[in-house]
Amino acid sequence: MTTEEKDRIELLQGTLDLLILRTLLFGPAHGHAIARAIERNSEDVLQVEQGSLYPALHRLIKRGWISFAEGPSENNRRAKYYRLTARGRRQLQVETTKWDKLAGAIARILRPAEEKVE
Amino acid sequence: MSRRKSRKKMLVDLDEDIREHIEIETRENIENGMTPEEAHYAALRKFGNPLLVKEDVCAVWIQQWLEHLGQDLRYGLRTLAQTPALTAVVVLSLALGIGANTAIFSLIDAVMLRMLPVKDPQQLVLLSSNQTKAVHGAPEYSGYGISLSYPGFLRLRQNNDVFASVFGFVPLGFDTESVAVKIDGQPSLAGGEMVSGNYFDGLGVAPLLGRLLTADDEAHAAQVTVLSFPYWTRRFGRSPSVVGKTIFLGGHPYTIVGVTPPEFFGVEPGRSPDFWVPLADEPGLTPWGVTAGSGQSMFTQKKWWWLMIMGRLKPGVSQTKARAALDVWLRQTLTGDLGMQEVDARTFVMKADPASRGLDSLRSYFSQPLTILMSVVGLVLLIACGNVAALLLARAQSRRREMAVRLALGASRSRLVRQLLTESLMLALAGGAVGLAFAAWGAPLLVALMSGGAPLPIDVHLNLTVIGFAAGVAMLTGILFGLAPALGSTRANLSPALKENAAGFQRRPGSRWSFGKSLVIAQVAFSLLLITGAGLFVRTLMNLEHQNLGFDPYGVLLFGVNPRQSGYEGPRLIDVYGGLLDRVRAVPGVQGATLSAFTLLSGWVNSGQIAVENPPVKQDEGASILWNVVGPDFLKTMRIQLLLGRDISVNDTASSPHVAVVNEVLARKYFGSLDPIGRRFTFGQKFNPNDAYQIVGVVRSARYDGMRGDLPMTAYVPFTQAGEPGAMHFEVRTAGDPTSIIPSLRRAVQEVDSNLALSDVKSQNQQIDEALAQQRMFALLSCFFGALALALAAIGLYGTMSYGVGRKTNEIGIRMALGAKANQVLKAVLGEAFALVLIGAALGLPLAFIAARFVASNLYGLKPSDPLTFVAATVTLLAVAALAAYLPARRASKVDPMVALRNE
């Protein structure tokens, strides 16, 4: 367990929003499913404290980037299914571009040699 | 689902969402092979602290709200700063409106709402009976409900199970300053109260200095006194060494034992005693300043009711229960021991009224004027609000494009409305703050106006209630005048607004205009109501001031003395008055002097019934008459015209036959066309030849009790023949300014006896001014507020008309290009303005007519429907309206067609 935990990365401020938007691009999902998807798609490297998902979801609703509807969960109870709005979709593009630029820039700073090789 | 609703749902459902999340995780964990318990804890661990999550979620929304508020405030400040003139006009009109309301409210708070500054005031009740007339000798004084006789009080205090404590109090005279005081050899006058030993304890008042009165003081009639804070400040400079000092009250030594705290003023707002002494047969001091005659003490008489009593209810005892218990107990006691007759007991009612705000004499005197004034300033505020709404409406109209653009870009309407409301609330609160400053400055001025003579001891400093009131009014007006423009300009009808061109060509005529116009109509109606009221009050004051008083008030100086408090009694008392009169007449500049029990229009009178010997009057015809006890030459000095017979003279002494002078209305009522001279009458219900007064003169009727109503039937009897005189007042007629002889008068009185102090020194005209204080205040304030209302309405009309002219510049230009004359344009605009004003006036006149009937009792010498006032008010309104409408009309007539058309 200990080694596993060391390998896991705490999420950067704001990136959770991006990940949620990205996850919802595949279709509506409820809170638990979103958390699961983020963990799984990052091959369990990104560790989301599942509770922190909820303030992020509310923030996104507030900004009008996602909306929600109610539907049945695996437990056959009511759950909220979140989905991207049109604005959210646009925002995802903006954020993804921003992220790519940021990641590229950081990578260039950290590994200037590799860039030369390429 | 609307956003607001969805947000609320999000928060409400959060718990459920979290629970659901954890359960799904738990299920997955079980499917992965954990035991149910392990699975649950693992799920919880993974989720993190739900409480923190909930807090974070709330923070998200609060943050948004604060962000929006901050944006709104910043944006609002910017927009307001862009139009400084508009902002200033709005803030100032609101400040005037809110300030006036707050000033009047602070008086209402002080007089009608504030609780006594004592412990648990809501437990206090005041006992008062309806029996003052039936009980022999009880002083009748408006505002006071006499509670019981002293023996009755003692029994009640010992023997009742509804009150935690029962305490009594009684003033030492009818006037505010009625006790002769001597401090370090200096004579002066002060007002005091006798209170039972448990008075301070029962009220829950703690001493500021020394101690307060106790049951022991009462039991032993200790010659001790407690000073009030203002008196201690005034006379002793707040010296802490007054405790233990001896002062003379009514000529006898009393030791100061303590001082009450600054906020305590007794139990009657507006009448604050200077000192308190124990309720007992104290030397030199008597309840109400009266003596029982025949040497009997007032404290032993069962049938003489003179004491006022308050009780503090035991916890859990309701007022109803207390009243019932009290009633039973009193009936038994009264018909038994206290010597009340059966017939009295049947009609007897003892009230136990809530006394949390103290005795209500001030309240009953001022509640009607204050209510009228509050309605007046409320209307002024409404008119001011109308202006502000119109101005904001006009501005909102010019911002329609901005709003439409923002709506089109996806701003929600509620967000825009909120932003506009924030702006109007900012205006309102700024107006409220300035208004509060106006009120702080104006309220003491109002108190001075209302009191006439000596200012009433009312505390109108700003307090939390008053500040809260101002803030509340400001908020309310902010919402009231801000909502309509905000809703109007954000109406979700985008395309016409977007299509409007820069010059603001109006494609939807009428819809907003009607609101702006109805505002003007309402303002005109309300201001007409207010100026009509002002006219009625001014005419009333003029009628009161210019009426024929029946005597000549010019050049007369009044002052009172009370030699009885310096030890004079019996024949010596009559002699000292005679001596004083001689000495006063010798003062240079004095043309004549006399004395009387009460000066004219002081507010004090003797009243009662008389029975005439011949012709006899039937019992039910015997109306109440007024009488005064006067010295020689009273009628001559006051210049009351003698019609028949003679004046009261020096020769009417205690031993000569009893005589009286009556006035014309009395003579006509009792004797008709018969000659009244020589006829006899008795005070009381039955003629008694042994105690009769013979009429020796008839005079013209004159004002005595007040400035209003019919001239009272009045009888004048010599002060030597009407029992032992109490305090008397002198009337001194001078050639010039009567107040200039005050110093020499003081010296003259001191020469007769250095212990005598002068009270109520003022000219007769000052006294009349004081009697008219309330009326003058009404006239002044209603004029001020009427003018304010009229000015506000004129600004409203002017603003609306110029705005309309500005918007219609194109149209006017086209008309003029097509041949319309400047005169015609002028007429058209004026006509439109006058249509509004006339509709307003047509609504305002009936309103004023109805409102005037409510103040009918405050009017004098004219009907509430006084045609002159109504016509004058309407003409004033039309004149002001014409002026306000002329400027924009002239601007319209000067429109250059070419310029206007090029503007398009």
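At what angle do the axes of helix α4 (residues 84-113) of chain B and α11(B) cross? The two axes cross at roughly 165° and come within 9 Å. Axes here are lines fitted to C-alpha atoms, for helices over the stretch in contact, and angles run from 0 to 180 degrees between N-to-C directions. The crossing angle therefore makes α4(B) roughly antiparallel to α11(B) (angles over 145 degrees count as roughly antiparallel, under 35 as roughly parallel, 65 to 115 as roughly perpendicular and the rest as oblique). α4(B) passes α11(B) in a left-handed crossing, one in which the near helix is turned anticlockwise from the far one by less than a right angle. The contact of α4(B) with α11(B) has 23 nonpolar, six polar and two charged residues. Ala, Val, Leu, Ile, Met, Phe, Trp, Tyr, Cys and Pro count as nonpolar, Asp, Glu, Lys and Arg as charged, and the others, Gly among them, as polar.

The model is predicted: local features need pLDDT of at least 70, side-chain atom pairs count only at pLDDT 80 or more, and totals for chains, interfaces and linings use all residues. Residues are numbered from 1 along each chain as its sequence is written, while chains are lettered from A and ligands numbered from 1 in the order in which they are written. Helices (H or I, at least four residues) and strands (E, at least two) are DSSP runs, numbered from the N terminus.

Helix α11 (residues 361-398) of chain B also meets helix α22 (residues 773-807) of chain B. Their axes come within 10 Å and cross at roughly 15°. α11(B) is therefore roughly parallel to α22(B). This crossing, too, is left-handed. The contact of α11(B) with α22(B) holds 20 nonpolar and seven polar residues, and no charged ones.

P273(B) sits in the loop between β10 (252-259) and β11 (275-278) of chain B. P273(B) is buried, because 27 other C-beta atoms lie within 10 Å (buried takes 20 or more, exposed 12 or fewer, partly exposed in between, with C-beta atoms placed from the backbone). Beyond its neighbours within four places in sequence, P273(B) is in contact with G191(B), G192(B), E193(B), S228(B) and G266(B). Contact requires C-beta atoms, placed from the backbone, within 7 Å. The C-alpha atoms of P273(B) and M194(B) are 10.0 Å apart, across 79 residues of chain.

Between the chains, 18 residues of chain A are in contact with 19 residues of chain B. On the chain A side, α3 (31-41), α4 (53-63) and β3 (78-84) each give two or more residues. α4(A) gives the largest share, six residues. By class, this side has four nonpolar, eight polar and six charged residues.

Notes: Contact = placed C-beta atoms within 7 Å.
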